[in-house]
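Here is a short tour of one model, taken a few features at a time. Have the sequence and the 3D view open as you read.

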Amino acid sequence: MESTLDKTFDPAAIEAKWYSHWENNGLFRPERPDATPFTIVNPPPNVTGSLHIGHALDNTLQDIVIRYERLRGKDALWVVGTDHAGIATQMVVERQLEARQDKRTNYSREDFVDKVWEWKHESGGQITRQLRRLGCSMDWSREQFTMDPHFTRAVVKVFVDLYNQGLIYRDKRLVNWDPALKTAISDLEVEAREVQGHMWHFKYPLAGGETYTYVERDADGNVTLEEERDYISIATTRPETMLGDGAVAVHPSDARYAPIVGKLCEIPVGPKEHRRLIPIITDDYPDPAFGSGAVKITGAHDENDYGVATRNNIPMYRLMDEVAAMRADGAPYAEESAKARAIAMGELTASAAEVDAMNLVPEEYRGLDRYAARKAVVADIDAEGLMIGVEDKVIMQPFGDRGGVVIEPMLTDQWYVDAKTLAEAPMEAVRSGAIEIVPKSWEKTFFNWMENIQPWCVSRQLWWGHRIPAWFAEDGTIFVAETEDEAQAMAGEGVALARDPDVLDTWFSSALWPFATLGWPEQTELLAKHYPNDLLISGFDILFFWDARMAMQGIHFMKEVPWKRLYLHGLVRAADGAKMSKSKGNVVDPLGLIDQYGADALRFFMAAMESQGRDVKMDEKRVEGYRNFATKLWNATRFCQSNGIGASDTIAAPQAKLAANQWIIGEVAQTVAELDKAMAELRFDAAANAIYHFVWDQFCDWYLELIKPVFGGDADSPAAAETRAVAGWALDQILVMLHPFMPFITEELWHAQASYQGGTRPYELILAQWPQPDASVDSHAKAAIDWVIELTSATRAAKAELGIAPGAKLEAWVAAPSELATRVIERSAAAIERLARLTPIHTGEAPAGAAMQVTAMGDVFVVPLEGIIDIAAEKARLAKALEASRKEAKSLEGRLGNPSFVERAKPEAVEKARADHAHHAGEVARLEAALARLD
């Protein structure tokens with residue numbers, strides 16, 4: 001019979017066809033009201049986003065699991081949706097306006113938000129279309145969006161409830177301030193970059209011209225420097241922040257500064273007559289071995305300084321406005337500096353709000369951009385002779401990943417969640433096993449962060465997002481309520497209220513994803529059935545920003561964990577292990593890979609490379625290899641069809657008498673068991689490896705070869721009929737087992753196996769039944785086929801080592817064959833001749849002379865080589881190659897044993913040396929074995 005399949009496998013021709021078929025027929029979530037639920041929620045990508053390689057990994061793993069559970073008959077729900085992405089989306093729309101010489105501030109807030117909704121409806125579906133191309137079998141019929149009305153209601157209720165429970169509050173704390181976007185941003189939205197900067201060293205004169213003896217000592221206590229000083233030396237990379245210093249801190253153990261602790265020093269900038277004095281204090285933060293050991297404390301503009309200032313009750317003076325220009329508001333500098341001086345002297349107390357209102361920027365710097373102010377400050381200090389020096393220095397600088405400018409730590413009024421209190425329940429859930437983190441190695445990181453968790457800033461200064469449900473009276477009283485009418489009722493009739501203009505952090509709303517997507521706060525049937533979710537698959541990089549916060553909110557509001565298991569995968573890195581970034585030019589486009597190799601190949605690559613606790617290194621050659629794997633399966637199916645092997649009509653294994661058929665049934669059962677074990681343990685690489693080797697090795701390379709003679713005889717014989725039934729069944733099981741990994745090609749072949757015989761399948765593969773691994777295995781048949789395979793593999797390898805043509809037929813002797821060997825040789829001599837190319841096989845001692853030895857399950861076969869190859873020349877060739885490999889392996893071993901090389905060389909050079917050493921060590925073993933065969 002002729003195969004109906006095209007000779008060439010073309011992924012593009014089948015992918016769009018099958019995805020639309022699945023989606024249009026509701027096959028991603030069939031009606032299974034009585035089935036056991038299985039639930040995953042997809043980490044909602046930004047509505048502005050496009051599919052990147054990390055999405056491809058994350059969603060492939062989720063789809064493998066959901067397709068696997070669907071095949072196992074469960075009510076498998078994969079919740080899908082997008083995040084409103086406050087900053088990113090507002091930026092997209094603002095840029096569109098700017099392209100038309102327009103801007104956001106030309107509109108009212110309501111009109112601008114309407115424009116964002118317009119953009120969302122017109123252009124916000126790009127990533128969902130791309131997820132379809134990857135093959136993600138999500139429940140699109142219930143696609144969610146974090147700004148949908150039902151979701152917004154949930155967000156507002158959570159905020160109000162937490163506020164009423166004392167778990168949300170308003171406070172003035174240090175935040176990451178983006179001067180371009182004019183909003184606070186989260187740590188996740190900050191990129192630390194190495195930039196070329198400077199470190200300036202300045203003198204802070206002691207008050208009243210006081211002096212002290214400054215002494216430096218070496219490690220043995222010997223004096224290396226002793227001099228009288230009337231100043232304390234300070235180093236800074238941001239001189240403009242000196243204007244807001246509240247103190248100078250030294251370590252309590254630093255004897256150099258012990259004489260001046262508790263005294264005052266002068267900030268060396270600003271009008272001389274209004275110079276501020278600040279105290280010299282002790283704190284554990286300064287490192288005596290770094291710089292001068294003395295640190296200026298600017299609590300309003302540095303995270304570490306903020307901690308020191310908070311611990312020591314040091315005033316925090318804010319210097320900049322929302323665009324990071326030096327403040328131009330407030331009273332004259334003379335008045336403000338006098339107040340600050342009085343506070344430092346202990347003559348005046350001021351509240352945090354009063355301190356924040358003070359502007360300690362001298363008039364000549366007011367309104368300047370922070371970098372212009374920096375130049376002016378440095379020039380003025382230098383002119384006065386108080387600059388000790390300046391050094392070039394590479395510094396880590398925080399940039400906003402959206403605004404693209406340097407982040408300014410800023411003291412601002414924001415809304416905070418009491419994360420410390422909410423973190424207790426998730427920690428207990430992990431300790432008790434109610435939440436299992438996979439791999440377990442991430443538990444330590446989880447606990448370390450949760451135990452040291454800081455208040456969570458949830459307010460953002462944007463127009464697009466969930467507006468904070470808080471209203472302010474003119475006297476500053478705050479009223480938090482779900483609606484304005486409720487807030488007005490709380491405030492009383494006639495009290496003027498103004499709503500907080502801020503919106504909530506996107507992570508605040510996405511923390512509700514596992515239950516708000518199921519209908520909460522309504523107590524829906526869907527919520528009752530699918531909460532808690534069964535599994536969350538997430539990148540480790542959002543463990544704290546999303547995963548931990550879902551655990552906090554889920555347990556707090558639902559009184560149950562949001563998911564039973566949390567699987568954390570690594571990052572997808574470039575081939576050399578470097579992190580992908582646009583600036584490095586090493587970003588890989590998953591859609592480009594799909595265009596070139598097909599979605600199935602990319603998906604299988606992701607699964608095969610996903611090893612718990614490790615990052616995935618991108619390797620396009622391996623993607624190409626898995627495309628070849630799909631092609632091999634395609635061609636194997638063509639072979640089956642050309643021999644009358646079609647779709648099976650049974651889920652259970654057919655009856656079989658032939659050893660090869662009994663063997664393949666057993667191999668199917670073993671592979672199903674391996675897959676089930678790997679999936680239960682979330683070992684995606686092990687699962688992919690099991691099905692790959694079964695398809696490529698056992699089925700294609702061995703089974704199809706073993707059964708070829710059956711079809712060379714009577715096509716209507718009982719043996720041929722049995723083989724067609726078993727082969728068709730085995731191929732069906734392959735398609736089911738491989739479907740979670742390669743859904744497109746398997747669905748195509750599933751139907752092709754029926755249609756080429758003029759039939760149809762009663763259901764699509766996506767809804768098929770997972771194989772039952774209870775097929776009985778004939779141990780004698782399995783042993784016989786395994787013996788033939790081992791003998792064939794050993795013989796082929798020996799021929800390759802010795803340069804003997806693969807098709808050459810060789811005689812062989814076996815002196816004392818085992819019972820198994822005797823039986824197989826008697827019954828399967830033709831198969832041994834065809835596969836191992838050994839014929840005839842004699843029982844007894846081999847003739848004297850050069851020979852090679854091969855073994856199969858302990859049976860030793862001697863194959864004479866006289867007249868087959870030039871023994872002397874072959875020995876010389878092997879010896880020469882062995883010497884070269886030994887020399888290279890020894891050289892590489894020495895290099896890798898040198899700590900200087902391993903520690904100082906580039907990581908990729910070390911990795912290449914290790915790979916080369918492994919290669920040459922393997923060559924040594926191979927060549928030694930080849931020479932041994934000739935002795």
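## Strand S5 and its partners

Asp178 has Thr183 in S6 as its bridge partner. That contact belongs to an antiparallel pairing of S5 with strand S6 (residues 183–185), which runs over three bridges. Two strands count as paired here if DSSP finds at least two bridges between them. The elements themselves are DSSP runs, numbered from the N terminus: helices are H or I with at least four residues, strands are E with at least two. This is a predicted model, where local features need pLDDT of at least 70 and side-chain atom pairs count only at pLDDT 80 or more, while totals for chains, interfaces and linings use all residues. Residues are numbered from 1 along each chain as its sequence is written, and side-chain values use heavy atoms, with hydrogens and water left out.

S5 also pairs with strand S16 (residues 408–417), again in the antiparallel sense, over 10 bridges. If you want a spot to look at, Arg173 stands opposite Thr412 in S16. As for cover, S5 (residues 168–178) has eight of its 11 residues buried. Buried means under 20% relative accessible area, exposed means over 50%, and partly exposed is in between, using a 1.4 Å probe and protein chains only.

## Two positive phi values

S5 and S6 make a hairpin with four residues between them, and Lys182 sits in that turn. Phi of Lys182 is near 60 degrees, a positive value in a residue other than glycine. Lys182 counts as partly exposed because its relative accessibility is 36%.

Ala324 is another case, with phi near 65 degrees. You'll find Ala324 in the loop between helix H7 (303–312) and helix H8 (333–344). Ala324 counts as buried because its relative accessibility is 0%. For context, most residues other than glycine have a negative phi, and most peptide bonds are trans.

## Two cis prolines

The peptide bond from Tyr531 to Pro532 is cis, with omega near 0 degrees. Pro532 is in the loop between H16 and strand S24 (533–539).

Thr839 and Pro840 are joined by a cis peptide bond too, with omega about -10 degrees. Pro840 is placed in strand S29 (residues 838–843).

## Salt bridges

How many salt bridges does a search of the whole structure find? The count is 51, where a salt bridge is a side-chain nitrogen of Lys or Arg within 4 Å of a carboxyl oxygen of Asp or Glu. Glu522 and Arg153 form one of them, with the closest N and O atoms 2.6 Å apart. This pair links distant parts of the chain, 369 residues apart: Glu522 is in the loop between helix H15 (513–516) and helix H16 (525–530), and Arg153 is in helix H6 (residues 149–164). Glu522 is partly exposed because its relative accessible area is 44%, and Arg153 counts as partly exposed because its relative accessibility is 42%.

Also in H6, Lys157 and Asp161 are four residues apart, about one turn of the helix. Their side chains meet in a salt bridge at 3.0 Å, N to O. Lys157 counts as partly exposed at 23% relative accessibility, whereas Asp161 is buried at 18%. Elsewhere, Lys74 and Glu69 form a salt bridge with the closest N and O atoms 3.1 Å apart, and both residues are buried. There is a network as well, in which salt bridges link Lys172, Arg318, Asp356 and Asp413.

## A contact across the sequence

Ala831 and Ile707 are 124 residues apart in sequence, yet 9.6 Å apart in space, C-alpha to C-alpha. Ala831 lies in helix H27 (residues 829–835). Ala831 counts as buried because its relative accessibility is 18%.
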